[in-house]
Amino acid sequence: MDSSVIIGLLIPFLGTTLGAGCVFFMRQSMNRLVEKILLGFASGVMVAASVWSLLIPAIDMSEDLGKFAFMPAAIGFLLGIGFLLMLDKTIPHMHLDYQEEGKKAQLKKTTMLVLAVTLHNIPEGMAVGVVFAGVILGNNDVSLMGAMALAIGIAIQNFPEGAIISMPLRSEGASKKKAFGYGMLSGIVEPIGALITILLSRIVIPVLPYLLAFAAGAMMYVVVEELVPEASSGDHSNIATIGFAIGFVVMMILDVALG
């Protein structure tokens, strides 16, 4: 594993860390309009990444199936949705509106907020790991620059996620250092998950199209089930729509220009 791959795996975690660091420079609570546009932006990045970086390569890799080239992408996508649905119903967590989901557990609000963002980060870590596994094994449908584009795109959308988790923790009474630490640690699952995927790459490569689509489905579940509803709730939902459009275009440009 060369240095470029290691850097690629750490880029998304850096985005989360920088976002969590906003707690040192911003007020105790985040402006609701800013939160909406950041949630919309993160949603746009994840949707574009799912299409350009994951689903399209999955279909391209399956072209030998002819008219049924869509099958691995369709199956993997639905399995990814199902996997995140299972985690969503199993892992206790709390949304930004303090609505609890998952199994009942006697956990602090701060812990449940961190678990919610960690849940978001699982499919993102998988996506980065699967794409870089394809690069390492020399798959022609996945380039190093394309993998870097995905890592950078996820890092960009992780920045607002890091801020969105650390700021509520601060407003709940946590110290700035503690809020930053929790926000940063919520993103550690990404490089860990990506590294595990790469270590299993010899097993991964035969089913790479399914795994790319699986990661796409898991990311889309997070967008549709959590990010978009949270961004659109209350007044000024059009602000979230603008954020979504900007995030989508930014990720599309990154993937096409670099990939």
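Phe83 is partly exposed in this predicted model, with a relative accessibility of 27%. Its ring pairs with that of Phe214; the centres lie 5.4 Å apart and the planes meet at 45°, so the pair is classed as tilted. Because Phe83 belongs to helix H3 and Phe214 to helix H9 (residues 208-232), the pair ties together parts that are 131 residues apart in sequence. Phe214 has a relative accessibility of 15% and therefore counts as buried, the cut-off for that class being under 20%.

In total, the structure holds five aromatic pairs. One of these is formed by Phe68 and Phe70, again a tilted arrangement, with 6.2 Å from centre to centre and 40° between the planes. Phe68 is exposed, its relative accessible area being 51%, whereas Phe70 is partly exposed at 43%. An aromatic cluster is also present, made up of Trp52, Phe244 and Phe248.

Helix H3 (residues 71-90) gives the most to the patch, with three residues. Leu65 is located in the loop between helix H2 (32-61) and H3, and its relative accessibility of 43% makes this residue partly exposed.

Ser43, in helix H2, is buried, with a relative accessibility of 1%. Apart from neighbours within four places in sequence, Ser43 is in contact with Val223, Leu227, Val228 and Phe244.

Methods
Residues numbered from 1 in each chain as written. Predicted model: local features only at pLDDT ≥ 70, side-chain atom pairs only at ≥ 80, totals over all residues. Heavy atoms only, no water. Helix = DSSP H or I, 4+ residues; strand = E, 2+ residues; numbered from the N terminus. Buried < 20%, exposed > 50% of the residue type's maximum accessible area, 1.4 Å probe, protein only. Contact = heavy atoms within 4.5 Å. Phe/Tyr/Trp six-rings, centres within 6.5 Å; stacked < 30°, edge-to-face > 60°.
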